[in-house]
Amino acid sequence: MGKYYIGMDAGGTGTTVLVSDGRKDLFLTKTEGLNCNSFPPERIAKSLREAADNLLENGYIPADCAGIGIGAAGNNNPAASALLRDCLRGCGFRCPVTICSDADAALYGAFGEEDGLLLISGTGSICLGQTHGGLERYRAGGFGHLIDDEGSAYAIGRDIAAAVVKAEDGRGPETALRNALFGHLGISDSSQLVGYVYDMGHTKKEIARLARLISLPENEGDRAVSQIIERAVAGLLEMVIAVYGKMKARCGRPELPLVLHGSVLCNNARIAESLTEALSVRLPSLRIAEARADAAHGAVGLARRDMETP
């Protein structure tokens, strides 16, 4: 088959595995997630073995792999990197391996080595930027759901639950979110809601899934929904302003592109439109742009860049 690169975009539940020769896509497959903070080592090893077996069945032998890039949440710590490298060696890969966060892979996919900002609002939230050929990096947010992740699906889900209990005890406006939330969860009162939220068996992703409730037609015009959207937009705007300010000061360019990414910004038109309007007022020289490529392609690009860097 000749030399090839592998780029892995590891999401919360699954991983996209892209094979490329550096110029064009050759093969695409899927495997389970690779977040070392969410899955035990045995599952990580199993996922990589399944991907390697699938590649081998399609003619891509490990000896021909020139480099591997992996972008996944939770994989920036040394122990996670060591685990992934060990698993890949166990699958027969001896090539260089570049390991980064899923956000870093998405940033490189969006801009390559050009200047730009990437705002992500999915389960979590973060804003990243780069200048000087990608060598200078900037960040705001992304510190986890317990202390950060404003404007994320998790934060919106949490705010929906908060709006319901506040409405019931008179601290907030009456809201149609109550029926939507209780119906979604299959519960009938706030005590059951508290039990659901604090049940250790329910993950942050399950809370994040509640975010879609603010987009239901029956909640259009609801005051509590409007407040939640305003809070989300304010949190996302704050991150962009922080990163843009650092980048402008370093590169001297007032006009920079911004790519919006993630389930909240792609699936909730009210939040995306409100944020875009706010940005046009606060940062008029910032322009909304389309990503050049996705995170799997970004992971391939990072693997190639690291191979070519002396």
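**Basis.** I worked with a predicted model, in which local features need pLDDT of at least 70, side-chain atom pairs count only at pLDDT 80 or more, and totals for chains, interfaces and linings use all residues. Residues are numbered from 1 along each chain as its sequence is written, and side-chain values use heavy atoms, with hydrogens and water left out.

**Entry 1: aromatic pairs.** I searched the whole structure for aromatic pairs and found two. My criterion was that rings of Phe, Tyr and Trp (its six-membered ring) pair if their centres lie within 6.5 Å; planes under 30 degrees apart count as stacked, over 60 as edge-to-face and the rest as tilted. Tyrosine 4 and tyrosine 60 make an edge-to-face pair, with 5.3 Å from centre to centre and 75° between the planes. Tyrosine 4 belongs to strand β1 (residues 4-10) and tyrosine 60 to the loop between α1 (41-57) and β4 (65-72), so this pair ties together parts 56 residues apart in sequence. Helices (H or I, at least four residues) and strands (E, at least two) are DSSP runs, numbered from the N terminus.

Ring pairs join Tyr4, Phe27 and Tyr60 into a cluster.

**Entry 2: charges over rings.** I counted a charge as sitting over a ring if NZ of Lys or CZ of Arg is within 6 Å of the ring centre and within 35 degrees of the ring normal. The charged end of arginine 43 sits over the ring of phenylalanine 39, at 3.8 Å from its centre. Arginine 139 places its charged end over the ring of phenylalanine 143, at 4.2 Å from the centre.

**Entry 3: the largest pocket.** I used a 1 Å grid over the protein atoms alone: a cavity is a set of points where a 1.4 Å probe fits but cannot get out, a pocket is an open set with protein on both sides within 12 Å along at least five of seven lines, and lining residues have an atom within 4 Å of a point. Grid points are joined across faces, edges and corners, and a volume is the space filled by probe spheres set on the points.

The largest pocket has a volume of about 1600 Å³. It is lined by 50 residues, and the closest to its centre are Ala73, Asp102, Thr123, Gly124 and Lys205. Two or more lining residues come from each of β1, α3 (102-111), β7 (125-131), α4 (153-168), α7 (204-208) and α9 (263-267). Helix α3 gives the most, with four residues. I sorted the lining by type (Ala, Val, Leu, Ile, Met, Phe, Trp, Tyr, Cys and Pro as nonpolar, Asp, Glu, Lys and Arg as charged, and the others, Gly among them, as polar).

Entry 4: I noted about 470 Å³ of space in the second largest pocket. Of its 19 lining residues, Tyr154, Arg158, Val197, Tyr198 and Ile207 lie nearest the centre. The elements giving two or more residues to this lining are α4, α6 (190-198) and α7, and α4 has the largest share, six residues. This lining divides into 12 nonpolar, four polar and three charged residues.

**Entry 5: the cavity.** I found one cavity of 30 Å³ or more, and the largest cavity holds about 30 Å³ of space. Its lining consists of Ile6, Met8, Val17, Leu48, Ala51, Ala52, Leu55, Leu88 and Phe93. Both β1 and α1 give two or more residues to it, and α1 gives the most, with four. By type, the cavity lining has nine nonpolar, no polar and no charged residues.

**Entry 6: cysteines.** My search of the whole structure for disulfides (pairs of cysteine sulfur atoms within 2.5 Å) returned zero. The sulfur of cysteine 65 has its closest cysteine sulfur in cysteine 95, at 3.6 Å, which is too far for a bond. Cysteine 65 is buried, at 5% relative accessibility. For cysteine 251 the closest cysteine sulfur is that of cysteine 127, 14 Å away and too far for a bond; cysteine 251 is partly exposed, at 21%.

**Entry 7: proline 41.** I located proline 41 in helix α1, where its relative accessible area of 43% makes it partly exposed. Proline 41 and alanine 73 are 32 residues apart in sequence and 15 Å apart in space, C-alpha to C-alpha.

Notes. Buried means under 20% relative accessible area, exposed over 50%, partly exposed in between (1.4 Å probe, protein chains only).
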